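Thanks, everyone. Let me put the structure up, and then I will walk through it.

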Amino acid sequence: MIEDYDKEFVLNCAPVFTLNEILPLKKASDLKKMCMFSNISGLEKMSKNELIPLAYKVGTNENEFKNILYGMEENMWEFLKTLIKDKYIEYNDPFPDDFYNMKFFGIVQIFHFKNKQFLVVPEEIRNMYNNIVTEEFERYKHHFKNIENYAIASANFYKIISFKCLTNIYNEQNEDKTSENDMFSCLIKHFFVGKGYFITPTHIVSEEYEGVEADELEKFENETRNMPRYVPDKNEFLKYKNESYYENIPQIQAFRDYLKSICDDEANVNGFVDEVLYIIRNEDDTKNIFDILEVYDIKINYNQVDEFGKFILDIMKNTRFWTKKGYTLNELSYLKRTKSNFKVLRGNNKEKRTAKRKKKDFPL
């Protein structure tokens, strides 16, 4: 039923079609949210009558709207294209949670009327859209999206990478070329929290290390200066847009099969393997692996300890580590033997972390 849907930003009345008509119908709290990024102080103390013209000014800022469109995810972008075609549409499903920004910025207005739900793109927004969205705009949006995909993937895979390095990778794998300045400009204009990365003037860094200082970045660069960077092919590289993705090496499957031979519960085996991979990829103390055996009801006896340990060691030697610039320990060992001037960075021990923690200490 309509009345059970999310009520935030919803108006309980017949649809109207301009911001001039819509904004006076909104609650003051919703108007304040629309104005949050306007850098205007004193919003909390403003009356509704003061907020209405401010919200109108924010909502009709064409440059800001253009930036929102540039950064809009593909599924949201296609949905907006559908809405733009009509003055309103009847839409009686829950409004998609992923499209929250469309409500937040006032791009789409939601009306509940006579137990039906209507979606409206206000005329002012529609006019701005029609002025902005040209073939040139769509080409640039596609260009930006390619760059952002690389930024997200690199933040997940490398954790820290300079604009210079990522620009070189991007240009080697794409006909659509970029530059350090272009890449920085794209990402700084269209950055939203929660995409997995943040940027400094020189680097793209995983959100896990938000707050890292410039001298720590410089230290990491100095310590890894002589280390080559492993670069997957484009198809493999972009799989790392998914923060949970990892290369499913044969050693992992062998370990999984081994565990199934001593534990009948497949769900427990898979859960345990995921925890083990998490510990290894984050270079935590491998002693923690033994601590969680009991959690997953996996029992190994004294005679199985060596065999169990060999599986862990095989996985460690063939796992890609961000502190090794994407290389495995086996690959680094080979490179060290074949290049006399190659310097291997020793991994630093980190403090213990629980499997469910979200933040990690910067390991320098």
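One term before the overview: contact means heavy atoms within 4.5 Å. Among contacts in the chain between residues at least 6 apart in sequence, 64% join residues at least 24 apart.

Now the ground rules. This is a predicted model, so to speak of local features I need pLDDT of at least 70, side-chain atom pairs count only at pLDDT 80 or more, and totals for chains, interfaces and linings use all residues. Residues are numbered from 1 along each chain as its sequence is written, and side-chain values use heavy atoms, with hydrogens and water left out.

The overall picture. The C-alpha trace spans about 75 × 50 × 40 Å along its principal axes. The chain has 17 helices and seven strands. Both are DSSP runs, numbered from the N terminus: helices are H or I with at least four residues, strands are E with at least two. Of the 364 residues in the chain, 48% are buried. Buried means under 20% relative accessible area, exposed means over 50%, and partly exposed is in between, with a 1.4 Å probe and protein chains only.

Helix α3 covers residues 48-59, which is 12 residues. From first C-alpha to last, α3 reaches 16 Å, close to the 16 Å expected at 1.5 Å a residue. The expected span is 1.5 Å times one less than the number of residues. Which residues of α3 are buried? They are Leu 51, Ile 52, Leu 54, Ala 55 and Gly 59. What covers them includes α1 (19-22), α2 (28-34) and α7 (123-132).

On to the sheet. Four strands form an open sheet, in the order β1-β3-β4-β2, with mixed pairing. The edge strands are β1 (10-11) and β2 (89-90), and each pairs on one side only. Two strands pair if DSSP finds at least two bridges between them. How many bridges join β3 to β4? Five, and the two strands run antiparallel. Ile 110 has Leu 119 in β4 as its bridge partner.

The loop between β3 (109-113) and β4 (116-120) holds Lys 114. Phi of Lys 114 is near 50 degrees, a positive value in a residue other than glycine. Lys 114 is exposed, at 70% relative accessible area. Lys 325 also has a positive phi, about 55 degrees, although it is not a glycine. Lys 325 lies in the loop between α16 and α17 (329-338). Is Lys 325 buried or exposed? Buried, with a relative accessible area of 8%.

Now the aromatics. A pair of aromatic rings is described by the distance of the centres and the angle of the planes. Rings of Phe, Tyr and Trp (its six-membered ring) pair if their centres lie within 6.5 Å; planes under 30 degrees apart count as stacked, over 60 as edge-to-face and the rest as tilted. A search of the whole structure finds 32 aromatic pairs. Take Tyr 70 and Tyr 140: the ring centres are 4.8 Å apart and the planes are at 70 degrees, so the pair is edge-to-face. Tyr 70 lies in helix α4 (residues 62-71) and Tyr 140 in helix α8 (residues 135-157), so the pair ties together parts that are 70 residues apart in sequence. Tyr 70 is buried, at 12% relative accessible area. Tyr 140 is partly exposed, at 23%.

Phe 255 and Phe 308 form an edge-to-face pair, 5.6 Å centre to centre, with 65 degrees between the planes. Phe 255 sits in helix α13 (residues 250-262) and Phe 308 in helix α16 (residues 305-317), so this pair links parts that are 53 residues apart in sequence. Phe 255 is buried, at 0% relative accessible area. Phe 308 is buried, with a value of 0%.

There is an aromatic cluster too: Tyr 150, Phe 157, Tyr 158, Tyr 170, Phe 237, Tyr 240 and Tyr 245.

Two lysines lie over rings. A charge sits over a ring if NZ of Lys or CZ of Arg is within 6 Å of the ring centre and within 35 degrees of the ring normal. Lys 33 lies over the face of Phe 9, 5.4 Å from the ring centre. Lys 87 lies over the face of Phe 17, at 4.5 Å.

Last, the cysteines. How many disulfides does the structure hold? Zero, where a disulfide is a pair of cysteine sulfur atoms within 2.5 Å. For Cys 165, the nearest cysteine sulfur is that of Cys 186, 19 Å away. Cys 165 is partly exposed, at 27% relative accessible area. Cys 186 is buried, at 0%.
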